[in-house]
Amino acid sequence: MLKKQFGISLQQLLIIFLLIGASSCAKQEKKPNIIFLLSDDQKDNTFGAMGHPYIKSPNVDQLIGEGVRFSNTYIAEPICAPSRVAMFTGMNERMSGVGFTSSYKITEEQWSQSYPELLRNNGYYTGMIGKFGIEYYTFKGKAASKFDYWKAHDGWAKFWPKTAKNCSAYFDSGEDIITPVMGESIDDFLSTVPSEKPFCLSVSFSVPHGSQIKSMYPNNKAAADCMIPANEYEKLKGHPFYDTLYRKAGIQIPRETATDPYVNIPFDVLDQYKGRADKIYSYDYDTISCYEHHIRYYQMISAMDKVIGDMVKSLDEKGLSENTIIIFASDHGLLMGEYGMGGKALLYDLTTKVPCFIYDPRLPKDKRGINNDKLVSSTDITSTILDYAGITPPQNMQGTSLVPLMTGEDVQWRDELFLESMYTGRGNPICEGMRMGDWKYIRMYQINKKKYTEEDIDFSARKPDFEQLFNLKTDPEEMNNLIEEYEGAEILTSLRKKTAKHATQMNLDRDKYKKNTNVKKR
């Protein structure tokens with residue numbers, strides 16, 4: 001009867017239904033696109049939606065309002081290169097062995113277990129824009145081959161990147177300032193992605209890093225030191241972000257700016273004049289230059305927000321917005337006069353906590369606009385990216401996917417988080433710590449070496465050179481070190497034991513990792 005009326009048999013009709021069903025399932029099972037945005041030196045709470053009193057960030061604010069913010073996100077390593085290595089590989093520096101002052105560099109085998117490589121090998125079209133930033137790796141000069149799309153650079157860019165040799169990838173850009181240059185590259189990537197593949201784009205902004213702060217007004221030392229306004233440079237006159245924005249906002253700098261830093265961390269543990277106060281962060285040790293630093297810092301965040309807004313608009317125009325997840329974080333925070341100091345590589349919240357949110361357009365409305373205060377590590381972002389792509393993380397990865405927290409699943413989550421900073425440059429001590437409940441414990445070891453070995457980070461038989469204990473509920477600014485007051489108290493004893501246990505276990509895990517992985521010394 002079917003063949004007589006419609007010219008097809010029952011068997012042919014069944015095949016048609018099966019094909020339609022298969023097509024429908026394929027659409028439902030389509031893997032999401034993933035964009036991972038990473039800023040540089042951006043401390044937590046520096047967007048309008050996070051309660052910042054000055055910063056205007058309407059585009060990011062909208063994403064946060066329609067996404068999920070993770071307000072207790074701690075970076076695995078609070079300094080540039082090792083932080084990026086941790087996010088690429090999902091491992092702390094103590095595990096991967098790769099950092100500014102470690103003895104190793106990333107090998108091809110280690111990179112094969114990074115999230116960009118794993119996604120690429122599982123059908124994703126991958127892109128890298130901006131600061132690659134891992135610095136120490138065996139395939140120097142060949143990083144572009146690790147991605148399908150590359151508009152990136154090693155080292156540090158300048159505010160005007162076309163004047164920097166390491167930024168040759170941007171020489172053909174129509175824009176002149178680093179952040180819109182990256183925005184142009186983002187739009188180019190979205191315009192060229194193959195329609196038959198999902199994509200993963202990693203965007204590493206250079207702002208609001210000090211390399212940008214210092215190079216806004218080229219060849220002017222006073223401007224580089226933040227002793228004169230950057231908008232005295234003719235090319236910034238009339239710019240919507242870099243001219244007068246925030247210059248009459250009544251910005252308040254930290255009250256401790258230019259005060260004695262040694263009341264917080266003793267001189268013999270951290271000499272501020274081994275690269276902080278006298279060189280890299282000198283502008284945060286003077287009230288005039290610290291004020292100018294804040295203005296430029298806020299300007300750069302607002303300018304980045306504009307590029308993010310343009311990206312969202314481009315996704316919508318290209319029909320990509322409904323299946324593209326956006327993840328945002330920073331590589332670490334920054335001290336800008338607080339505690340009388342400047343810089344990073346310490347375990348204060350201002351250096352280790354970062355702004356982090358995930359926007360997933362597929363989430364139901366009742367799961368959006370939520371603030372999740374679970375303890376999150378930046379290594380969790382790596383596992384999250386893999387989870388969204390349907391890839392099982394390698395055994396060595398230390399993070400946990402945030403997807404169950406996004407969807408509201410009732411999952412058991414960590415109630416303590418080990419913290420570390422392995423950087424020993426600029427006189428910095430190695431720092432280890434523990435965040436648990438309302439408490440944070442930190443211990444510091446000065447090893448007086450510019451490059452450490454595995455033997456140097458075994459502190460099982462050594463007392464700390466300095467300790468800190470903070471109650472974050474009563475003292476969220478971490479101004480009151482309770483270490484002497486709580487000597488002998490159960491909470492301090494517990495935190496000390498937990499910190500030592502985590503450090504020891506990670507050292508053991510590193511030994512196993514070295515035996516099973518091709519690692520290489522510099």
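Asparagine 372 is in contact (heavy atoms within 4.5 Å) with Val68, Arg69, Phe70, Ser71, Asn72 and Leu405, leaving aside its neighbours within four places in sequence. The model is predicted, so local features need pLDDT of at least 70 and side-chain atom pairs count only at pLDDT 80 or more, while totals for chains, interfaces and linings use all residues. Residues are numbered from 1 along each chain as its sequence is written, and side-chain values use heavy atoms, with hydrogens and water left out.

**Asparagine 372**

- Asparagine 372 sits in strand 12 (residues 370-372); strands (E, at least two residues) and helices (H or I, at least four) are DSSP runs, numbered from the N terminus.
- Asparagine 372 counts as buried because its relative accessibility is 13%, and buried means under 20% relative accessible area with a 1.4 Å probe and protein chains only.

**Nonpolar cores**

- In soluble globular proteins, nonpolar side chains tend to be buried together.
- A nonpolar core is a set of buried Ala, Val, Leu, Ile, Met, Phe, Trp, Tyr and Cys residues joined through side-chain atoms within 4.5 Å.
- The largest nonpolar core has 86 residues, and Phe199 and Phe205 touch the most other members.
- Helix 12 gives the largest share of this core, eleven residues.
- Not counting residues up to four places away in sequence, the residues that phenylalanine 199 touches include Pro32, Ile34, Tyr124, Phe189 and Leu315.
- A second, separate core has 45 residues, among them Val68, Val85, Ile385 and Leu405.

**Pockets**

- A pocket is an open set of points on a 1 Å grid over the protein atoms alone, where a 1.4 Å probe fits, with protein on both sides within 12 Å along at least five of seven lines; its lining residues have an atom within 4 Å of a point.
- Grid points are joined across faces, edges and corners, and a volume is the space filled by probe spheres set on the points.
- The volume of the largest pocket is about 790 Å³.
- Its lining has 26 residues, with Lys43, Asn45, Glu338, Leu350 and Glu477 the closest to its centre.
- Helix 12 (287-317) and helix 13 (349-352) each supply at least two residues of the lining of the largest pocket.
- The second largest pocket holds about 450 Å³ of space.
- Of the 22 residues that line the second largest pocket, Gln398, Arg414, Leu417, Phe418 and His502 lie nearest its centre.
- Strand 14 (416-421) and helix 16 (490-516) are the elements that give two or more residues to this lining.
- Helix 16 provides the largest share of the lining of the second largest pocket, six residues.

Key. Buried < 20%, exposed > 50% of the residue type's maximum accessible area, 1.4 Å probe, protein only.
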